[in-house]
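Open the model in your viewer with the whole chain displayed, and keep the selection tool at hand. The stops below run from the overall view to pairs of elements and then to single residues.

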Amino acid sequence: MSPHAGTAGLTPHTLAFVESPVQLLNVLEWAHLRAPRAEAAAGGGLTLVVLSPTDPMTRGQLRRMADLARDEGHTVRWEEARGGPAAPFQTIGGLTRLLRKADRIVMGDPFSRYVQLLLTITKARELVVVDDGTATMEFVAQLASGERLVRWHRKGGRPGPRDLIFAPVSSAARRRLTPSARRTVEIFSSMPIETTPEGVTITPNAFAWTRATFGPPRITKGADMVGTSLVETGVVDNDRYLEAVSALAKTHGATRYFAHRRESTEKLHRLAVETGLEIVRPDLPLELIARRGPIGRTILSFPSTVVHTLPLALVGTEVRVAVCDIDPAWLTENASPRAQGFLSGVTGTARDVHRLSAVTAA
């Protein structure tokens with residue numbers, strides 16, 4: 001546990017930036033650990049800034065999560081951060097005063113250019129990084145080794161023109177995220193962290209708020225499957241992925257497919273036609289959906305964040321999480337050289353899951 005946890009609460013003014021529903025969920029988990037609901041409702045000092053994306057499914061989940069944050073007594077500020085060419089300048093201009101006053105900054109995605117730019121403005125003495133899924137594992141590894149901050153599925157590729165233009169800002173953010181005599185850095189994570197960067201405090205996320213707020217779930221006899229955006233990020237071939245989903249569903253009797261918020265409509269339509277699976281587009285992060293129920297007795301997944309988070313959210317239930325390895329033959333020609341090793345590491349470090357060999361496509 002962080003040396004500050006349980007003592008400082010949320011009394012210093014805390015400014016949190018999120019761009020996805022999972023990031024917002026993990027800010028709520030962090031705030032719950034720092035200050036229970038009663039203290040937050042009494043004016044704990046957390047202002048949660050949503051840097052809204054443009055895709056409708058993510059926006060819908062963020063709206064639902066923002067309502068939950070307000071129910072917990074937190075202040076929510078919704079920013080149309082990508083609403084046109086002038087939106088970034090208006091957003092940053094409107095947040096500058098808050099950034100300079102904040103004692104603590106909580107962020108969900110240190111790889112985000114938006115967040116990196118905001119970090120160059122703040123003088124906060126405490127920085128907290130909450131989980132943005134498996135990307136947290138790569139962030140910690142890069143921070144420990146002194147590397148530049150690059151998302152795992154892009155690592156190994158040549159920097160593009162925008163990367164080169166933004167490089168000074170990214171380097172400045174990297175320095176801000178390095179602990180010093182003037183600044184502390186905490187990582188709040190449910191991910192396995194093997195190497196702790198010097199001076200960084202690691203605080204485990206056990207999903208205590210999720211378990212206290214939702215469930216226990218009603219458990220059905222069948223199996224459910226969790227979708228992934230590996231096709232959309234250019235890591236896995238679309239045809240191979242659909243064949244693997246079909247084979248898994250037949251083998252384990254899965255009937256529902258919980259779509260990732262980034263999965264394309266075309267892919268999901270084809271998947272429904274070819275596999276017969278019921279496609280479910282969740283209105284909340286899957287950890288809350290599963291905890292609320294009903295949920296299958298077995299949850300099938302490919303390497304992703306949920307193989308680490310669902311066992312924590314479903315502690316005390318009879319639900320089994322099973323993860324299927326990614327066959328190297330499924331990777332696209334453009335996949336990062338780092339992809340196979342990273343995905344294997346996601347699976348291999350997962351606790352309390354049943355590991356399945358890569359299925360053979362029909």
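Begin with the surface of the protein chain, which exposes about 15,600 Å², 52% of it supplied by carbon and sulfur atoms; accessible areas come from the Shrake-Rupley method with a 1.4 Å probe, and for residues only the protein chains shown count as cover. This is a predicted model, in which local features need pLDDT of at least 70 and side-chain atom pairs count only at pLDDT 80 or more, whereas totals for chains, interfaces and linings use all residues. Residues are numbered from 1 along each chain as its sequence is written, and side-chain values use heavy atoms, with hydrogens and water left out.

Colour next by secondary structure: the protein chain has 13 helices and 13 strands, these being DSSP runs numbered from the N terminus (helices are H or I with at least four residues, strands E with at least two). Of its 362 residues, 54% count as buried, where buried means under 20% relative accessible area, exposed over 50%, and partly exposed in between (1.4 Å probe, protein chains only). Among contacts in the protein chain with a separation of 6 or more, 73% are between residues 24 or more positions apart; contact means heavy atoms within 4.5 Å.

**First helix pair**

Two packed helices are described by the angle between their axes and the distance between the axes. Select residues 21-34, helix 1, together with residues 56-71, helix 3: their axes come within 9 Å and cross at roughly 15 degrees. That makes helix 1 roughly parallel to helix 3. Axes here are lines fitted to C-alpha atoms, for helices over the stretch in contact, and angles run from 0 to 180 degrees between N-to-C directions; angles under 35 degrees count as roughly parallel, over 145 as roughly antiparallel, 65 to 115 as roughly perpendicular and the rest as oblique.

Now show the side chains: Pro21, Leu24, Leu25 and Leu28 of helix 1 meet residues of helix 3 including Thr58, Leu62 and Met65. By class, this contact of helix 1 with helix 3 has 9 nonpolar, 2 polar and no charged residues (Ala, Val, Leu, Ile, Met, Phe, Trp, Tyr, Cys and Pro count as nonpolar, Asp, Glu, Lys and Arg as charged, and the others, Gly among them, as polar).

Move to helix 9 (residues 238-252) and helix 10 (residues 265-275), which pack at an angle of about 40 degrees with their axes 10 Å apart. Helix 9 and helix 10 are therefore oblique to each other. Among the residues of helix 9 that meet helix 10 are Asp239, Tyr241 and Leu242, and their counterparts in helix 10 include Lys267, Arg270 and Glu274. The contact of helix 9 with helix 10 divides into 4 nonpolar, 3 polar and 4 charged residues.

Stay in helix 10 and pick His269, which is exposed, with a relative accessible area of 55%. The C-alpha atoms of His269 and Ile279 are separated by 8.4 Å, with the two residues 10 apart along the chain.

**Backbone details**

Most residues other than glycine have a negative phi, and most peptide bonds are trans. Select Phe207, in the loop between strand 7 (201-204) and helix 8: although not a glycine, Phe207 has a positive phi of about 60 degrees, and this residue is buried, with a relative accessible area of 1%.

Continue to Pro216, in the loop between helix 8 (208-213) and strand 8 (219-226), where the peptide bond from Gly215 to Pro216 is cis, with omega near 5 degrees. End at Pro294, in the loop between helix 11 (286-292) and strand 11 (295-301); a cis peptide bond joins Gly293 and Pro294, with omega about -5 degrees.
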